Amino acid sequence: MSDTVSDTVSDAVSDTVSDAVIGTAVVTGAGSGLGRAAALALLGRGWNVVLAGRRPDALDGTAALSPAGAGQALAVPTDITRPDEVAALFRAARDRYGRVDLLFNNAGAPAPRVPVAEVALDDWNRVLGTIVTGTFLCSREAFRVMCEQDPRGGRIINNGAPSAYTPRPRSAAYTAAKHAVLGLTRSLSLDGRAHDIACGQIDVGNVEPPDGAPQPPARQADGSKAVEATLPVSHFTDALLLMASLPVTANVQSLTVLPTTMPFVGRG
């Protein structure tokens, strides 16, 4: 991990590490990117955080950056498309910390930017399998745990995207997946009411590349490409911490965080 990446992620973490543990969070895709930033921000605010992802070395790298004590970060290598591994993830969280108060469904999969006629079925299945099925499996297991624990309840935050509402060209698989996450978020919100489980979605626009590289041009609604504005990752983590800090009697149903000048509404 380069110094630039470390500095960028550190910006997402509060300067003051909480002395009291707030609760236990499970973060998927915690080995890099927004997942790593989210995990470190939660650790800095006083959460126990269970780090889930496919790559053990990446999860260990996140844990090593923890601003809290070593006991507040638990790395659990997990393929979230496999029900048995998801069950083991939540079992590990309960075994270590006793309960689960927050699930941040962050894990995703890259999708080739090609016209729909050129989308390979393998790519389609991989993107939807990770983003949709993985989000469902983790949410289902979180429901099971949160309904049984005492006191019951908790919160689920799904990582959506502006594409959950307004797509870009050449993004069929990704757009379909994020639209499905939006529907799942709303369904979980309804089903969770009877069990003190709140569910919301955070939709994040362009974030500064963590390696400090220039932002690549993005395809516009007219098919052209243009460099768009970006946000510091700390703006994302501030918004996530706001959602996570609420009691389960209050919910941020949806929160879109993006640069003011980023094309979104109508992609214009």
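**Helix H2 and its partners**

Guide: H2 and H7 pack with their axes 10 Å apart, at an angle of about 55°. Axes are lines fitted to C-alpha atoms, for helices over the stretch in contact, and angles run from 0 to 180 degrees between N-to-C directions. The crossing is right-handed, with the near helix turned clockwise from the far one by less than a right angle. Helices are DSSP runs (H or I, at least four residues), and strands are E runs of at least two, numbered from the N terminus.

This is a predicted model: local features need pLDDT of at least 70, side-chain atom pairs pLDDT 80 or more, while totals for chains, interfaces and linings use all residues. Residues are numbered from 1 along each chain as its sequence is written, and side-chain values use heavy atoms, without hydrogens or water.

From H2, Leu-34, Ala-37, Ala-38, Ala-41, Leu-42 and Arg-45 meet H7 residues Val-233, Phe-236, Thr-237, Leu-240, Leu-241 and Ala-244 (contact: heavy atoms within 4.5 Å). By class, 10 are nonpolar, one polar and one charged.

H2 (residues 33-45) also comes within 10 Å of H3 (residues 56-64), axis to axis, crossing at roughly 35°. That crossing is right-handed too. Arg-36, Ala-39 and Leu-40 of H2 touch Ala-58, Gly-61 and Thr-62 of H3.

Leu-42 and Phe-236 return among the residues with the most contacts inside the largest nonpolar core, of 32 residues. Such a core joins buried Ala, Val, Leu, Ile, Met, Phe, Trp, Tyr and Cys residues through side-chain atoms within 4.5 Å (buried: under 20% relative accessible area, 1.4 Å probe, protein chains only).

Definitions and conventions: Buried < 20%, exposed > 50% of the residue type's maximum accessible area, 1.4 Å probe, protein only. Nonpolar A, V, L, I, M, F, W, Y, C, P; charged D, E, K, R; others polar.
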